[in-house]
Amino acid sequence: MADNKRRGEDADDERLNDEFDAAGDDAEDAEEAEEPVSRGGTATRSRARAESADRPKTRTETEKVGPFGRIARFIREVVAELRKVIWPTRKELLTYTAVVVAFVTVVTALVVGFDYVFAKGVLWVFGNPS
C-alpha cells in the first residue's frame, strides 16, 4: 500500500513501463527509452551530456587569466546581461516612479503618525518631566 503512494524513481509506475513497451525496436526509440519520457522536463539526455564533455575547452577554462582579462570578461558579461534587459518606456517609468513616491509618502506619514501617538502616550503614562 505504501508503494502505491511513493513518488520518484523507486515508485512502481506501470504507466512508464507501458510507454517503453509500446515504443518499438527502432534505434532512435531505444536511445530515448534509456531515460524516462514523462518526468516533467527535468531529465537530461545522455547524448547531450556526452557531446558537452567531448567539446574542446576554451582558454578561460584551461589557462589562468590575469586580472585585466578577468575585468574585461566581467565587463563583457555585464554588457551581455544589459542587452537582455527589457527597458521600460518613458510612460511606464513615470508611472512606476509616481507609484513608488506615493507609496513612500504614505508609509512615511504612517510612521510619523505612529511616532507622534506613541510619544504622547509615553509622556501621558510616565508624566511630563518639564
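**Exercise 1. Classify E81: is its side chain buried or exposed, or does it fall in between?**

Step 1. Start with the scale: buried means under 20% relative accessible area, exposed over 50%, and partly exposed in between (1.4 Å probe, protein chains only).
Step 2. E81 has a relative accessible area of 46%, so this residue is partly exposed.

A word on the ground rules before you go on. This is a predicted model, where local features need pLDDT of at least 70 and side-chain atom pairs count only at pLDDT 80 or more, while totals for chains, interfaces and linings use all residues. Residues are numbered from 1 along each chain as its sequence is written, and side-chain values use heavy atoms, leaving out hydrogens and water.

**Exercise 2. Find the salt-bridge partner of E81 and describe the pair.**

Step 1. Recall the criterion: a side-chain nitrogen of Lys or Arg within 4 Å of a carboxyl oxygen of Asp or Glu.
Step 2. The side chain of E81 meets that of K84, at 3.2 Å from N to O.
Step 3. Both residues sit in helix α6, 3 residues apart, about one turn of the helix. Helices here are DSSP runs (H or I, at least four residues), as are strands (E, at least two), numbered from the N terminus.
Step 4. K84 counts as exposed because its relative accessibility is 60%.

**Exercise 3. The structure holds 2 salt bridges; describe the one formed by R73.**

Step 1. R73 meets E77, with N and O 4.0 Å apart.
Step 2. This pair also belongs to helix α6 (residues 67-84), with a spacing of 4 residues, about one turn.
Step 3. R73 is partly exposed at 30% relative accessibility, and E77 is partly exposed at 47%.

**Exercise 4. Locate the aromatic pair and name its geometry.**

Step 1. Rings of Phe, Tyr and Trp (its six-membered ring) pair if their centres lie within 6.5 Å; planes under 30 degrees apart count as stacked, over 60 as edge-to-face and the rest as tilted.
Step 2. Searching the whole structure gives 1 aromatic pair. The ring centres of F114 and F118 are 6.3 Å apart and their planes lie at 25°, so the pair is stacked.
Step 3. F114 and F118 are 4 residues apart in helix α7 (residues 90-126), about one helical turn. Both F114 and F118 are exposed.

**Exercise 5. Which helix has the highest mean pLDDT, and which the lowest?**

Step 1. pLDDT is the predictor's confidence in each residue, from 0 to 100.
Step 2. Among the elements, α7 is highest (96) and α3 (residues 27-32) lowest (50).
Step 3. Across the protein the average is 74, with 51% of the residues scoring at least 70. Where pLDDT is low, the predicted coordinates should not be read in detail.
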